[in-house]
Amino acid sequence: MDPRDAILAAVRRNRPVGEHPLPPVPHFAVSEAGERAACFARSLELMGGKVLEPDPAADLLTAYLRGSGLAPPEIVCSAVPEIAGNRDLATVAHPRDLADVDVAVVRAACGVAETGSVLLTEAQLQVNAVAYLAQHLLVLLDPADIVASIHDAYDRPEFHQARYAVFHTGPSATADIEGVLVHGAQGVRSLTVVLLPRQPSSVPA
Amino acid sequence: MTDEPGGLIHPELRSERNESPVGPAGQRLQHAEGTSQPLRSKIRERQPRGAEVNGRRPIDHEAAAARFIAAPEHEKMHDERLWDLRSKRDAQMHAIPEWEELRELASQIKQHTLAHLDEYLEQFEAAAKANGVHVHWATDGAAHNRIVHGILRDHGAKRLIKSKSMLTEECGLRDYMAATGIEVVETDLGERIQQLDDEPPSHVVVPAVHKLRRDVAEVFSRTLGSDPDTDEVPYLAERQREATRPLILSADAGMTGGNFAVAETGSFVVCTNEGNADLSANVPALHIASIGIEKLIPRVEHLGVFIRLLSRSALGSPITQYTSHFRRPREGGEMHVVLVDNGRSARLGMAEFWTSLKCIRCGACMNTCPVFRRSGGLSYGATYAGPIGLILDPTFDKRKYSTLPFASTLNGSCSNVCPVKINIHEQIFAWRRVLAEEHEIPLVKRQMMQAAGAVLSRPALYRAAISTADSALRFLPRFAVYNRWNAWGAGREMPPAPKETFHTWYARTHPAADKGSGDGSA
């Protein structure tokens, strides 16, 4: 018998008795304890991420490097109009060509106050692997795009439309050895979010 | 559990120096599987090895547990770290008023899906195919391995990078691939440590939790050429990152598991802390995902319930660092999903045990289990260790895993922390009965069970026996409780026996209430 038919037949034969109705999922109002952006920042910082207040007087990249204490990067890969990088994502032939990127800059589709997560899809990343192969990730987030809870985030259209959608909540992390936390296990060593409204010209993704 | 304000069970493991990163306010970070207190092993000790596995011979869990207990530095660190995860889980639970409601929803959503699994599998398949995803069906582990090998061979793949998947452990994928000439590289740090040491993972979420830093330094010096005398954790993690990165960049294919598969959208979700599933799926052009058929959920909105429960239950962290949703292959890429049965459809037909299919592999039952914390995951000699393993493993082989349902105190803590409300301890007890009826348990344990059965079936006799046992605990000489035939007594103090049982206390303090209550109704 075809394995598909064999599995489905066995599942039907062994169907558990009883009704087992699907329960409705109620709307849970998650406590935000104050302003949503502040709640987002608190949550993200607990997960190892950093939040940077934009400084209108300073260049964004300069402010980021100063705030995060990073050495001047050689290769910056930007997917946002606010920062001009020196590696064009549109010309990347294979994801591995991004292995030498120091800083990647993207804009999040939305943020989640409950957990401090940012949502990214292929529309924001252009090349998905850039968010993992870069040493550091800088994410721009419009405070107006922050939703309260994970439940609210799953109401977004991305989960029905995007090929790839991912919540980033802080940097790549591991504590597999004696529970000692290390940032930059395999992916980015740091994740910084700048709360910066979208430019009027940029179309929301 | 703890005996000091800092909250450690084993205060001697406290590290004077914090190695973990700190947040912007200077607070020590403890997200992911990070400990809430700085810990450090101090005594050099050989790593105890797990249970010997010999074909279908019953696993001697007790002997392997005794070896683990005989390595006190390993045992203490294991106990401390897992209890810490349990404590962090409790803190997360208390911060969410609707926690119990979420557990009930998760349980009902899973039971509903399992009761209509044929429909949801067909819906998932149709949606995934419409998304351009290749869908394969594997009746067992061998079929799964053949399918994966076939896909890789068709693409001329020489190296496969993969993220952690208990299903591929269950199918024995790495052993199978070793004979094909295709290199398999695990990319989760803990899983990579285990692969390099030729050991299976000892825990579903923290695969190398039974190892100390010295053990990892030894493995890495032997396999990656790191400095054998340096056991600083950031150094060890960095060496692994540097060694794995070129393998990731040059891989021909990537593999992930799937924590959830959504029927509505044909998409699947993978949760990691390292971002290694995202590297595996997004760097090579070919992505293969192995998913057990029980991972289905109906709709995207249900993900909210499970994602909020999963990492909080597993690690006491609000969410994993990465929660990744794969719906369609990326431009120019190819995506395959292998739906694996391997005994799941048969389990669905077991009236007492089918709800074990609700499991979302968070490991909370392992972290809370006193037997698991003190014996180490490798003592179970099975893919799934700890309480959930005790009820899953016998469905794969009743003889080989016949001893496992006895590695439990039946204290019920596993059921209490389970995010999908599986009645784990009741199923453990039910397995003891099934194995006894089918003569899969050794004679000594059968005789003990018969005696226990005679006592338990008559409440008055049971109460007499309990009160005798408690008295005996109070007055027996220590050598009678702590002897070499009792692996659990070694290194452990029994709690002081109560002066009277609940029943005698209740009868004494509530004389009226007790009146007229016959045996078994009190």
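Here are some numbered notes on this two-chain predicted model, written to be read beside the structure.

1. First, some housekeeping. Because this is a predicted model, local features need pLDDT of at least 70 and side-chain atom pairs count only at pLDDT 80 or more, while totals for chains, interfaces and linings use all residues. Residues are numbered from 1 along each chain as its sequence is written, and chains are lettered from A and ligands numbered from 1 in the order in which they are written.

2. Let us start with chain B as a whole. Its secondary structure comes to 23 helices and 10 strands; helices (H or I, at least four residues) and strands (E, at least two) are DSSP runs, numbered from the N terminus. Of the 522 residues in chain B, 50% are buried, where buried means that 20 or more other C-beta atoms lie within 10 Å of the residue's own, exposed means 12 or fewer, and partly exposed is in between, with C-beta atoms placed from the backbone. Among contacts in chain B with a separation of 6 or more, 73% are between residues 24 or more positions apart; two residues are in contact if their C-beta atoms, placed from the backbone, lie within 7 Å.

3. Next, the sheet in chain B. Six strands form an open sheet in the order β1-β10-β7-β4-β2-β3, with parallel pairing; two strands pair if DSSP finds at least two bridges between them. The edges are β1 (134–138) and β3 (183–186) of chain B, each with a single partner strand, so one side of each has no neighbour in the sheet. From one strand to the next the twist averages 25°, with axes taken as lines fitted to C-alpha atoms (for helices over the stretch in contact) and angles running from 0 to 180 degrees between N-to-C directions.

4. You can follow the pairing strand by strand. Strand β7 (residues 286–292) and strand β10 (residues 334–340) of chain B are parallel over 7 bridges, and B:Ser290 has B:Val338 in β10(B) as its bridge partner. β2(B) runs parallel to β3(B), joined by 4 bridges, with B:Arg159 opposite B:Glu183. β2(B) is also parallel to β4(B), through 3 bridges, and here B:Ile161 stands opposite B:Gly254.

5. Two helices of chain B deserve a look. Helix α5 (residues 141–154) lies across β1, β2 (159–162), β4 (253–256), β7 and β10 of chain B, at about 170° to β10(B). In helix α9 (residues 213–223) of chain B, the buried residues are B:Arg213, B:Asp215, B:Val216, B:Ala217, B:Val219 and B:Phe220, and their cover includes α8 (189–196) and α10 (233–249) of chain B. Just after α9(B), B:Gly225 has a positive phi of about 75°.

6. Which way do the residues of β6 in chain A point? A:His136, A:Leu138 and A:Leu140 point one way, A:Leu137, A:Val139 and A:Leu141 point the other way, and all are buried. With 6 of its 6 residues buried, strand β6 (residues 136–141) of chain A is therefore largely enclosed by the rest of the structure. Its parallel partners include strand β3 (residues 103–107) of chain A, over 5 bridges, and strand β11 (residues 190–195) of chain A, over 6 bridges. A:Leu138 is the bridge partner of A:Val105 and is also paired with A:Thr192 in β11(A).

7. A record is worth noting for chain A. UniProt, in an unreviewed entry, lists residues 96–196 of chain A as "domain: LUD"; UniProt positions are given in the numbering used here, feature names are shortened, and annotations may be inferred rather than shown by experiment. Over those residues the chain is 16% helix and 36% strand, and the end C-alpha atoms are 30 Å apart.

8. How many residues does each chain bring to the contact? Chain B gives 85 residues and chain A gives 65 residues. On the chain B side, helix α12 (residues 300–315) supplies the largest share, 8 residues. Strand β8 (residues 164–168) of chain A and strand β9 (residues 322–326) of chain B pair in the antiparallel sense over 5 bridges, and A:Phe167 stands opposite B:Thr323.
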